[in-house]
Amino acid sequence: MHSRFPYVLSLLLMPCAVGLAADAPTTINLTRPDGQPNRAAWMAQGTFGLMVHYLITPRGDTPEQRTAELNQLVDQFDVADFLNRFDQTGADWLILTLGQTTGYFCAPNDYLDSKQPGHTPRRDLVREIADGLQQRDKRLILYLAAGCSR
């Protein structure tokens, strides 16, 4: 299915990094050398995370057709299946792209829509994934590449 392929591929490839966490130090510093809190200490307490690039490239000859395709793709995303697959990896956190290089995003954003109408969907896919991860006591990091909007 077109809308499921981008994250399935990532889920199959990313767990290869699991062995890297085995060499992590056993002592976790809760403060940085400058005395400030170590806001990433939680990451050292986990084993590994998973990064998923959900790349959306809607088809269509007009902006209206591309916006309709964007909404259809995001509406078809099966969050329950995605989170089930995430659970199967054993990952402690998820890094998820909000958008990348295509100029299309996977969550609504009024500001972006004011600059480029039709590039964000009506469904808040990120919120649904975040809620599911929170129920599992897992963390979410959102990633947005600079200059991704066309």
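Which residues have the most contacts inside the largest nonpolar core? Keep that in mind as you click around, and remember that this model is predicted.

**Stop 1: the core**

Select Y54, I56, L94, L125 and I129. These are the residues with the most contacts inside the largest nonpolar core, which has 23 residues.

**Stop 2: zoom in on L94**

Stay with L94 and show what surrounds it. Leaving aside neighbours within four places in sequence, L94 is in contact with L50, V52, F82, F86, I129, L133, R139, L140 and I141. Pick out L140 from that group: in strand 3, L140 is the bridge partner of L94.

**Stop 3: the sheet**

Switch to a cartoon view and find the strands. Strands of a sheet pair through backbone hydrogen bonds, either parallel or antiparallel. Which kind of pairing is it here, parallel or antiparallel? It's parallel: three strands make an open sheet in the order 1-2-3. Strand 1 and strand 3 are the edge strands, each pairing on one side only. Turn the view and look for the twist, which averages 25° from one strand to the next. Then follow strand 2 alongside strand 3, where six bridges join the two.

**Stop 4: salt bridges**

Start with R32 and D34. Their closest N and O atoms are 2.7 Å apart in a salt bridge. R32 is partly exposed, at 39% relative accessible area, and D34 is partly exposed too, at 49%.

Next, select R85 and D81, whose side chains meet in a salt bridge at 3.0 Å, N to O. Both sit in helix 4, four residues apart, which is about one turn of the helix. Is D81 buried or exposed? D81 counts as buried because its relative accessible area is 17%, under the 20% cut-off. R85, at 28%, is partly exposed.

Finish with D87 and R136, a salt bridge whose closest N and O atoms are 2.9 Å apart. This pair links distant parts of the chain: D87 belongs to helix 4, while R136 is in the loop between helix 6 and strand 3 (139-144), 49 residues apart. D87 is partly exposed at 35% relative accessibility, and R136 is partly exposed at 29%.

Technical notes. Residues are numbered from 1 along each chain as its sequence is written. This is a predicted model: local features need pLDDT of at least 70, side-chain atom pairs count only at pLDDT 80 or more; totals for chains, interfaces and linings use all residues. Side-chain values use heavy atoms; hydrogens and water are left out. A nonpolar core is a set of buried Ala, Val, Leu, Ile, Met, Phe, Trp, Tyr and Cys residues joined through side-chain atoms within 4.5 Å. Buried means under 20% relative accessible area, exposed over 50%, partly exposed in between (1.4 Å probe, protein chains only). Contact means heavy atoms within 4.5 Å. A salt bridge is a side-chain nitrogen of Lys or Arg within 4 Å of a carboxyl oxygen of Asp or Glu. Two strands pair if DSSP finds at least two bridges between them. Axes are lines fitted to C-alpha atoms, for helices over the stretch in contact, and angles run from 0 to 180 degrees between N-to-C directions.
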